[in-house]
Amino acid sequence: MGQGTGWRDIPIGGMIVEAGNAVRYRTGEWRAFRPVVDQDECTNCLQCWVFCPDSSILVEDEEMVGFDYDHCKGCGICSAICPFDAIEMLAETTSG
Amino acid sequence: MSEFRALDGCAAVAEAMRQINPDVVAAYPITPQTAIVMTFANFVADGLVDTEFIAVDSEHSAMSACVGASAAGARVMTATAANGLALMWEIVYIAASTRLPIVMPVVNRALSAPINIHCDHSDSMGARDAGWVQLYSENAQEAYENTIQAVRIAEHPDLLLPVMVCQDGFITGHSVERVGVYEDQKVRDFVGQYKSAKPLLDLDNPVTYGPLDLYDYYFEHKRQQVEAMSQAKDVILEIGREFGETFGRTYDIFEPYKLEDAEVGIVVLSSTAGTAKVVVDRLREEGLKVGLLKPRVFRPFPGPELVGALKHLSAIAVMDRSVSFGSMSDAGPLFLELAAAFQIYGPRMRLADYVFGLGGRDIAPAQIESVYRDLLGIAETGQVKQVVTYLGVR
């Protein structure tokens, strides 16, 4: 946030004056299941990207390339919506 | 004074709004303020203002739209009363804590139940903890002038808090008076242009309003609100002085009436103060040293200032037009706060509360006279026999 954390130091009214700084808040840490994509099955329909509530599907050149694990909360919507069952939800305790 | 017109309190406030020409008014009707927004809507329809008028589906929506518009950077006004104010309650708090300079005339009317459309102060008193500046107007002239000043008070960079301008429902709101109306340009020059420091519509400097604020920072934001409220008195005085320099009548925190050499006094808000002044004059003719103090500002509560002006008295009666149920002795809020002020800032004082006029129950000069006679008795005996009296109830 900057220098001080006292009531005199922070913007009034709870206003946030730094655009997009929510990205620094890592919400991925409370995930219990993580999504994993099988790229052989994935057709880049991008439905997972459309439905992800946390903007955590990574897309490059209109191709689904992976997940933003810093912000993915493991809700499983991407896995549920994928028409090709390309996304699997694995317990965080498993490796891979 | 540019001209004198026959206006009731609602029309006078609508006239102030026309001259202020706010960017946005989002409003819903409710007796006895409907005439304010209805008259203003006619101004909009007639092209007399540039205001974007949003006819919403409820008062909750009205204040919500006002909050959005104000955060966007607009100068915003609305008006309400009674259950309308109650319906917008959560957003009323949000307007203050988001630090939005919204100006809202409140035409004081009793809260239900049972349904009552007439005057008492339960509505604005019910919102006294919400963080708004609250001004009370004795008559239509004051309602008009307070509304104009409220815009400057709210928008002052040391304040940035919303302001409620109160007047008595029907008694002031629907009673036609001779109101001095200033020239449009003079009012426009006085209120000036609103420059929001961080408007949502400034796309080059994006900001977020109303985010989540947990135990790590909420307390600090509330401390900021306290700081703003502590500045409010100076801002109100500054604007009141400037108003005097511009228009000829200076406004203060309260108005004393034949108080300086008085032995006993009544403290009362709004139109009843006008009635009480007549009683003071009559009793003075009898040689009785009685006086009156009419607070204009209830929030922030000017405790030290009131004590300073009242401490020479032998006994004080507060007349409250609302009850704080379950409060100490089921008293009214003006009494409770004045009692606290005397405890902290003043000498031991004989104080009595007279709750009156609930639901528009009329208060007659003879009843106010009886309060003064009670006070003279208290001054003589040194005893307050009854802390709270409900004046005029059968």
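How many residues does the contact take from chain B, and how many from chain A? Hi everyone, let me start there, and keep in mind that what we have is a predicted model. The contact takes 17 residues from chain B and ten residues from chain A. On the chain B side, the largest share comes from helix H9, residues 218–247, which gives four residues. If you sort that side of chain B by class, you get six nonpolar, six polar and five charged residues.

From here on I'll stay with chain B and look at how it is divided. The domain assignment gives domain 1 as 3–247 and domain 2 as 254–391 in chain B. Taken over C-alpha atoms, the centres of these two domains of chain B are separated by 28 Å. Where they touch, 27 residues of domain 1 of chain B are in contact with 20 residues of domain 2 of chain B. Which elements supply the domain 1 side of chain B, with at least two residues each? They are helix H6 (122–126), strand S6 (133–137), strand S7 (163–168) and H9 of chain B. S6(B) gives the most, with five residues. By class, the domain 1 side of chain B that touches domain 2 splits into 13 nonpolar, nine polar and five charged residues.

Now for the sheet. In chain B, six strands form an open sheet with mixed pairing, and the order is S9-S11-S10-S13-S14-S15. At the edges stand strand S9 (254–257) and strand S15 (388–391) of chain B; each has a single partner strand, so one side of each is left without a neighbour in the sheet. Ignoring direction, neighbouring strands of this sheet are turned by 20 degrees against each other on average.

Let me zoom in on one pair. Strand S13 (residues 315–320) and strand S14 (residues 351–356) of chain B pair in the parallel sense over five bridges. As one example, Val318(B) has Asp353(B) in S14(B) as its bridge partner.

Two helices pack on this sheet. Helix H12 of chain B, residues 333–345, touches strand S10 (264–268), S13 and S14 of chain B, and its direction makes about 145 degrees with that of S13(B). Helix H13 of chain B, residues 365–381, touches S10, strand S11 (290–295), S13, S14 and S15 of chain B, and the direction of H13 makes about 150 degrees with that of S13(B).

Next, helices against helices. Two packed helices are described by the angle between their axes and the distance between the axes. H11(B) and H12(B) pack at an angle of about 80 degrees, with their axes 9 Å apart. That angle falls within 65 to 115 degrees, and H11(B) and H12(B) are therefore roughly perpendicular to each other. H11(B) brings Gly303(B), Pro304(B), Leu306(B) and Val307(B) to the contact, while H12(B) brings Leu338(B), Ala341(B), Phe342(B), Ile344(B) and Tyr345(B). Sorted by class, that contact has eight nonpolar residues, one polar and no charged.

Now set that beside another pair. Helix H3 (residues 59–72) and helix H5 (residues 89–97) of chain B pack at an angle of about 15 degrees, and their axes are 8 Å apart. H3(B) and H5(B) are therefore roughly parallel to each other, and their crossing is left-handed. In H3(B), His60(B), Met63(B), Ser64(B), Cys66(B) and Val67(B) meet Ile91(B), Val92(B), Ile94(B) and Ala95(B) of H5(B). This contact has seven nonpolar, two polar and no charged residues.

Last stop, the backbone, for those of you who like checking torsions. Most residues other than glycine have a negative phi, and most peptide bonds are trans. So where in chain B do we find cis peptide bonds? One runs from Ser112(B) to Ala113(B), with omega near 5 degrees. Ala113(B) lies in the loop between strand S5 (103–108) and H6 of chain B. Another joins Arg299(B) and Pro300(B), with omega about 5 degrees. Pro300(B) sits in the loop between strand S12 (297–299) and helix H11 (303–310) of chain B.

And which residue has a positive phi although it is not a glycine? That would be Ser329(B), with a phi of about 60 degrees. Ser329(B) is in the loop between S13 and H12 of chain B.

Methods. Residues numbered from 1 in each chain as written. Chains lettered and ligands numbered in written order. Predicted model: local features only at pLDDT ≥ 70, side-chain atom pairs only at ≥ 80, totals over all residues. Contact = placed C-beta atoms within 7 Å. Nonpolar A, V, L, I, M, F, W, Y, C, P; charged D, E, K, R; others polar. Pairing = 2+ DSSP bridges. Axes fitted to C-alpha atoms, helices over the stretch in contact; angles between N-to-C directions. Domains from an automatic or database assignment. Parallel < 35°, antiparallel > 145°, perpendicular 65-115°, else oblique. Left-handed = near helix turned anticlockwise from the far one by under 90°.
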